[in-house]
Amino acid sequence: MSDYTPPEIWKWEKESGGKFASTNRPIAGATHDKELPVGKHPLQLYSLATPNGVKVTVMLEELLALGHTGAEYDAYVINIGDGDQFGSGFVDINPNSKIPALMDHSTPTPTRVFESASILMYLAEKFGAFLPAEGAARTETLNWLFWQMGSAPYLGGGFGHFYAYAPMKIEYCIDRFAMETKRQLDVLDRQLADSEYIAGADYTIADMAIWPWYGVLTQGKLYDAGTFLQVEDYQNVRRWTEQIAARDAVKRGRIVNRIFGPEEEQLHERHDASDFDNRTQDKLSDG
Ligand SMILES: N[C@@H](CCC(=O)N[C@@H](CS)C(=O)NCC(=O)O)C(=O)O
């Protein structure tokens, strides 16, 4: 039980104490002036290899693997732990101050794209790939893409926050969001019982959106919660997770803008395909 009674008017008086507490604020907008770098390619990505960031780097690597050279990109780290998302240049691209954000310099005036699903749709439509052009298959892909956007905040902001990041363990919150997360895993498991990929027989942007959250959770690599949530029970999700993890573009995309984990899995900035061979942190620290 808690002895907290909400005051009549909420005030921002102290940090919550949780992870990211020092960067959380109740107001939007930039906190400091900072221009973003711009590289040589048409697409400029400002991101971090969190699940929302990985969706986009996987998509870009998949497009390049298909031969779409127009999908060449420069990827820069936005370190959300340091508050880079509140720099003026980033806020100009995403007024919501969250990664990922993309600038397309190939349009007559540069086009800003924010929200990971918007970025996936933008790229899918620009290159005519990973999203059926019309009909029921397109609708089903978008059904699952938007399912992900509505569901993952319960997994990340709900379960992940209270299980892994909150300064105290609150049973009510962990129970509520563990239940919802397991329900979501069961939704996916039932869908994947009859379907090779999330939206049908083809690999689409819906898989790219869902895998970095629910696939990685099922691998036991998100919030260290594999045992707690008994993820091995979701056999169809596990089958799909491993199938996607084995794709070369996914192996590349998941390490772009990654600033944590093993050094050979960290490619802080990506400017060229050769960076995967030459510029991961293990290679850079070898001198
Ligand atoms: N709905 C957004 C969510 C993006 C999001 O939550 N990004 C997180 C990292 S995964 C972030 O930038 N957090 C920084 C902050 O909240 O200040 C999307 O899908 O793009």
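Which residues surround the ligand? In this predicted model, they are Thr23, Thr50, Asn52, Ile80, Gln85, Ser97, Lys98, Ile99, Pro100, Glu115 and Ser116. Sorted by type, that shell has 3 nonpolar, 6 polar and 2 charged residues. Let's look at some of those residues, then move on to helix H6.

**Around the ligand**
- Ser97 sits in the loop between H2 and S3, and its phi is near 50 degrees, a positive value in a residue that isn't glycine.
- Ser97 counts as buried, because it has 23 C-beta neighbours inside 10 Å and the cut-off is 20 or more.
- Pro100 lies in the loop between helix H2 (88-93) and strand S3 (101-104), and the peptide bond leading from Ile99 to Pro100 is cis, with omega near 0 degrees.
- Glu115 is found in the loop between strand S4 (111-114) and helix H3 (116-127); this residue isn't a glycine either, yet its phi is positive, at about 75 degrees.
- With 16 other C-beta atoms within 10 Å, Glu115 comes out as partly exposed.

**Helix H6**
- H6 covers residues 205-218, and its 14 residues reach 19 Å from first C-alpha to last, close to the expected 20 Å.
- There's a bend of about 55 degrees at Trp211, with a proline, Pro212, following within four residues.
- H6 is largely enclosed by the rest of the structure, because 13 of its 14 residues are buried.
- Just past H6, Gly220 has a positive phi of about 80 degrees.

**The nonpolar core**
- The largest nonpolar core holds 64 residues, and those touching the most other members are Met59, Leu102, Leu120, Ile205, Ala206 and Ile210.
- H6 supplies the largest share of this core, with 9 residues.
- Leaving out residues up to four places away in sequence, Ala206 touches Thr141, Trp144, Leu145, Ile198 and Ala199.

Key:
Residues are numbered from 1 along each chain as its sequence is written. This is a predicted model: local features need pLDDT of at least 70, side-chain atom pairs count only at pLDDT 80 or more; totals for chains, interfaces and linings use all residues. A residue is near a molecule or strand if its C-beta atom, placed from the backbone, lies within 6 Å of it. Ala, Val, Leu, Ile, Met, Phe, Trp, Tyr, Cys and Pro count as nonpolar, Asp, Glu, Lys and Arg as charged, and the others, Gly among them, as polar. Helices (H or I, at least four residues) and strands (E, at least two) are DSSP runs, numbered from the N terminus. The expected span of a helix is 1.5 Å times one less than its number of residues. The bend at a residue is the angle between axes fitted to the seven residues ending there and the seven starting there. A residue is buried if 20 or more other C-beta atoms lie within 10 Å of its own, exposed if 12 or fewer, and partly exposed in between; C-beta atoms are placed from the backbone. A nonpolar core is a set of buried Ala, Val, Leu, Ile, Met, Phe, Trp, Tyr and Cys residues joined through C-beta atoms within 7 Å. Two residues are in contact if their C-beta atoms, placed from the backbone, lie within 7 Å.
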